[in-house]
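Subject: Model handover

Hello,

Here is the model for you to look through. Please open it beside this email.

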Amino acid sequence: MNARIPMSVTPGDSAGLPPGAARCPGPSVQDIVARDAMPAPAILREEHYAFLGDQDIGYDRYTSPQHFEREMTHIWARTWQWACREEHIPQTGDYYVYEIGPHSVIVVRTEDGIKAYHNACLHRGTKLRFDEGMGSATELRCPFHGWTWQLDGRLKSVPCAWDFPHVQPDAYRLPEVRTGQWGGFVFICLDDDAPPLESYLEVLPEHFRDWDLGRRYTELHMGKILACNWKTALEAFVESYHVLETHPQLLHGTGDANVQYDVYGEHVTRFYAAGGVNSPHVEQPLSEQELVDTMLIGDRSVVDDALVVGAGETARTVMARFLRKTLGGKYRCDLSQVSDAEMIDTIEYHLFPNMILFPGVSLPMVYRFRPLGMEPERCLFEILFLRPLPDDGLPPDPPEMARVGEDESYSVVPGLDPLLARVYDQDTGNLRAQQKGFRISRKRGQTLGNYQEVRIRHFERTVDRYLARAASGQ
Amino acid sequence: MDQTFHPLLDCAELPPGASKGFRIDGHDILVGNAAGEFFAVQNRCTHQNAPLEGGRIRNGLIACPMHGVMFDVRTGCGRGQMGRVPLRVYALRVIDGRIEVSLDAAPATTA
C-alpha cells in the first residue's frame, strides 16, 4: 500500500522523499490487481518507472516552425510509423496511401508480399494516388499521362514509348520504401539506414506476446483535425492526471490518481489504470455494486441486468466475468481465459513517435497523431477500435475513416458509444486553448508532475535525442 | 408512372464482389454484387471514362480499375479529388431470382 509512504499535500514539499518517489495515497495498481480472481499476466505485474528530471519543457517545441521542420527531417523521415492495418490490404492489388508531412507512401499488397513506394510518378512527379486511404488496383497508373507500373514496382508501359528511347525500364522501377509488420500493423520507414523494425519496437513484442493484435480487426476508424501541435495532442492522452478535472464523470470506477506509469528504452512507455475501483479522489467510496453500475462506459451496447455483485466478490471480478461472456458472444470468440485486468483495465502503450495502443479487450483502441501537412499547429488525431477476430467466419471489411469536423462532437460518429464520445470531446476540447496558451504565457514551458506526467518527459527526451543525433551527424 | 425494367441476368451469375457490364438503349450499365447486395451504376468512371467492370468491390465501394477512384455503389458518390462527380445510379430489382434494371428516373418516394 502506498499509504505507508509519507505524502506531501502541498506543492513544494518533498516530504523527505527523493524526487519521483512520491505516489498517490491508497492502494496501488499492483495492490488492486493482486486480489483479482483471474490473475493478470506477469507483464502487468511489474513496474518500470524512472525519475527523468523536473525541468520545464519549452513551449517553442510546440509552436516553432524551425523545431517542426527539424522534427520532420530527423524524426518523421527517420522513424518507423504504422501506415495501415493488414486488413486494409488483404488482397493483391489492395493499397493504402499513408501521408506524413510532405511525404506520401503507397503501401500495396503484391503477390510477393507487402511493398511500399514513394507515391510519385517517375515521369513528371505527379502523385500516382491523390488521396490518403484505402484503394485497389491491378497496376499503378498515373492519371496524368498514363505511365504504368506493375504492383511489384516494375515499369509496365509508357504511352508513346517511341518518344522515350532514353527511358530504360530497369532504371525506372518505382523507388521502394521500407516496410515491416507487427501485430497486424504495416509499418513504413523512410530512412533506408535506420535500424530494423524489430529492434525499433524494443520491449513491445515481448509485452504483446499474448496480446496478438494481428488477431483483431478494425471495427471503427475516425479522425479529427485538432488545432494544436501533434505533440500537444499526443501528450493529452498519455497521462491520467487530467481525469479529475477534465472527466469528472469518470472518477467513479476509475483509479485515476493511482495509475501506474512505466518507461522503457527510448521508444516505449505505458500506463496502467485499474478499473472497477474507487478513485483516490472520491471522499465517499462507492460499494462494489455501485462500482459495477458505473463501469459501463465503452460497452453499453452489451449491458443487461446480469451485473449483480455476489457475496465476497469484487466489482472487477463481476464486470470482467460479464464482459467475457457478452463480448465473447458479440464478437464470436472465446475470452474465457482472459484475465480480469485484460478484460476491464485501461492499459495503454506509446510507441514513438505517434502510436498509442490499448491491448485490453473492452477498450480496444489505437490512436495515431500526425502533423497535418507542414502545419506546426494543426494535427490529425485518428482513433481505431480493434475487435477480436471471430473464431469462425470473416470479419466485416475495414471501414473508411469517419471524419469529425474541427468543431463537431465525436457523437456524430455512427457506432461510437455516446459516453465515450463525450470523453473524447472533453479531451480534445482543451487542446486549442492549450496551444494558444503556449504563445500567451510569460512562463516559457510546461511544468510536469514527476510521476503522473513522466511519459511526456520521456517522449520529449526521445524527441531531443533524435534531434541531437542529427546535430552530431549520426 | 410505371418504370420499365430490363431483365439482365440471374442472381446466381453474380457472386459477391463480381460485376458485369451491359449496354441498354445506349446506356453503359454496371450491375454488381457488394457483399450480397446488388447494385446498378453507370459503367463509366466520371474521372476519365474508364469502364468500372471488374473493379474491386468492398465496404460498399467500387474502385475504378484504371486510377483507383472509388464510388459508393448505393449513392454513386465518389471519394477524393478524382471522385468529385458522382456516378449515375440505376433502379434495380430482383424478380424470381433475376436482376432487372430500369433506365427511368426513380419515381418520387412518398413517406
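Below is what turned up, starting with the chains and ending with single residues.

Please keep in mind that this is a predicted model.

**The two chains**

Chains A and B touch. Chain A gives 14 residues to the contact and chain B gives 13. On the chain A side, 5 of the residues are nonpolar, 4 are polar and 5 are charged.

**Rieske annotations**

Each chain carries a record for this feature. In chain A, an unreviewed UniProt entry puts "domain: Rieske" at residues 80–188. That span is 45% strand and 0% helix, and its end C-alpha atoms are 6 Å apart. In chain B, an unreviewed UniProt entry puts "domain: Rieske" at residues 6–101. Here the span is 44% strand and 0% helix, with 5 Å between its end C-alpha atoms.

**Domains of chain A**

Chain A splits into two parts. Domain 1 takes 2–6 + 18–60 + 216–471, and domain 2 takes 80–190. Their C-alpha centres are 35 Å apart. The contact between them uses 13 residues of domain 1 and 10 residues of domain 2. On the domain 1 side, strand E12 (216–226) and strand E17 (365–372) of chain A each give two or more residues. E12(A) has the largest share, with 3 residues. By class, that side of domain 1 holds 7 nonpolar, 3 polar and 3 charged residues.

**Helix H11 of chain A**

Which residues of H11(A) are buried? They are A:Leu420, A:Tyr424 and A:Thr428. Seen down the helix axis, these buried residues fall within an arc of 70 degrees, so they line one face of H11(A). The general rule is that an α-helix has 3.6 residues a turn, so residues three or four places apart point the same way. Their cover includes E12, strand E18 (375–388) and helix H12 (431–440) of chain A. On the other side of H11(A), A:Pro418 and A:Gly429 are exposed. The length of the helix checks out too. At 1.5 Å a residue, the 12 residues of H11(A) should span 16 Å, and the end C-alpha atoms are 16 Å apart.

**A:Glu406**

This residue sits in the loop between strand E19 (402–404) and helix H11 (418–429) of chain A. Is A:Glu406 buried or exposed? A:Glu406 counts as exposed, because it has 12 C-beta neighbours inside 10 Å and the cut-off for exposed is 12 or fewer. Leaving out residues up to four places away in sequence, A:Glu406 touches A:Ile225 and A:Ala227. A:Glu406 and A:Ile225 are 181 residues apart in sequence, yet their C-alpha atoms are 5.6 Å apart.

**Backbone points to check**

Most residues other than glycine have a negative phi, and most peptide bonds are trans.

- A:Phe352 and A:Pro353 are joined by a cis peptide bond, with omega about 0 degrees. A:Pro353 lies in the loop between strand E15 (346–351) and strand E16 (355–357) of chain A.
- A:Cys160 has a positive phi, near 55 degrees. A:Cys160 is in the loop between strand E9 (155–157) and strand E10 (176–182) of chain A. A:Cys160 counts as exposed because it has 8 C-beta neighbours inside 10 Å.
- B:Asp96 also has a positive phi, about 50 degrees. B:Asp96 is in the loop between strand E8 (91–95) and strand E9 (98–102) of chain B. B:Asp96 counts as exposed, with 8 C-beta neighbours inside 10 Å.

Best wishes

Notes
Residues numbered from 1 in each chain as written. Chains lettered and ligands numbered in written order. Predicted model: local features only at pLDDT ≥ 70, side-chain atom pairs only at ≥ 80, totals over all residues. UniProt positions renumbered as here; feature names shortened; annotations may be inferred. Helix = DSSP H or I, 4+ residues; strand = E, 2+ residues; numbered from the N terminus. Contact = placed C-beta atoms within 7 Å. Nonpolar A, V, L, I, M, F, W, Y, C, P; charged D, E, K, R; others polar. Domains from an automatic or database assignment. Buried ≥ 20, exposed ≤ 12 C-beta atoms within 10 Å, placed from the backbone. Expected span 1.5 Å × (residues − 1). Arc of directions from axis to C-beta.
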